[in-house]
Amino acid sequence: MSFWIYCIGFIAQAFFSARIIIQWVMSERAHRTVSPAAFWICSLAGSWLLFLYGWLRDDFSILLGQILAYYVYMWNLKMKGVKIAAPVRIVLLLTPVAAVAAMVLRGAGFAEALFRNEQIPLPLLLLGSMGQLIFSLRFVYQWYSSVRRGESVLPAGFWLMSLVGSGMIILYALFRLDPVLILGQSVGFAAYVRNLFIGKKHNS
């Protein structure tokens, strides 16, 4: 695989790792789980790049994960009062739409490339997709919890889903020998556990 494709993937994971470290440090200081704006800025930047990485690798599970969480990141930034310049906002909003349109236009060729990829057997594809689905649905859960509370929050269920989804993705990545996914998911694992303890301690 091209060196530059790996670079895109590693930069994306650097953003995801940075968001976890930032959120973890700020939660330790506050003695409760917090949802800082920097977490969502890094999430959006990493997601955009990882979406590109998944597309270049013809990896459906990665694409699925980014499509599901992408707009939740933007919603949280809006809740945090973060302003995005109009040209950048248009590009961000249209990127998933353009990608989905390209998938549809490729039709059978796209399905052949993704679902019948000789490098990714169907059972492995299902494992990776399920992990990405759980990992991405945590943001749907986060969005629902935030709407109910009227503010951007990261509830305990978010961290539980993070652990389960991350574990499945790491397993998928080990089979795929994908250093980008292995490194990215491994960094966050300890932070997910720690946030659960911080949240439990704060609520007790």
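The questions and answers below set values against definitions.

Author: This is a predicted model, in which local features need pLDDT of at least 70, side-chain atom pairs count only at pLDDT 80 or more, and totals for chains, interfaces and linings use all residues. Residues are numbered from 1 along each chain as its sequence is written, and side-chain values use heavy atoms, with hydrogens and water left out.

Reader: Why is Pro155 called buried?

Author: Buried means under 20% relative accessible area, exposed over 50%, and partly exposed in between, with a 1.4 Å probe and protein chains only. Pro155 has a relative accessible area of 9%, so Pro155 is buried. Pro155 lies in the loop between α6 (122-149) and α7 (156-176). In the protein, 44% of the 204 residues are buried.

Reader: What does Pro155 touch?

Author: Contact means heavy atoms within 4.5 Å. Leaving aside residues up to four places away in sequence, Pro155 touches Tyr141, Gln142, Ser145 and Arg149.

Reader: How do you know that the length of α6 agrees with its number of residues?

Author: The expected span of a helix is 1.5 Å times one less than its number of residues. For the 28 residues of α6 that gives 40 Å, and the end C-alpha atoms are 40 Å apart, so the two agree. After α6 comes Gly150, with a positive phi near 80 degrees.

Reader: Why are α1 and α2 called roughly antiparallel?

Author: Axes are lines fitted to C-alpha atoms, for helices over the stretch in contact, and angles run from 0 to 180 degrees between N-to-C directions. Angles under 35 degrees count as roughly parallel, over 145 as roughly antiparallel, 65 to 115 as roughly perpendicular and the rest as oblique. Helix α1 (residues 3-30) and α2 pack at about 155 degrees, with axes 8 Å apart. The pair is therefore roughly antiparallel.

Reader: Which residues of α2 are buried?

Author: Among them are Phe39, Trp40, Leu44, Leu49, Leu50 and Phe51. Helix α2 (residues 37-56) has 20 residues and reaches 29 Å between its first and last C-alpha, close to the expected 28 Å.

Methods
Helices (H or I, at least four residues) and strands (E, at least two) are DSSP runs, numbered from the N terminus.
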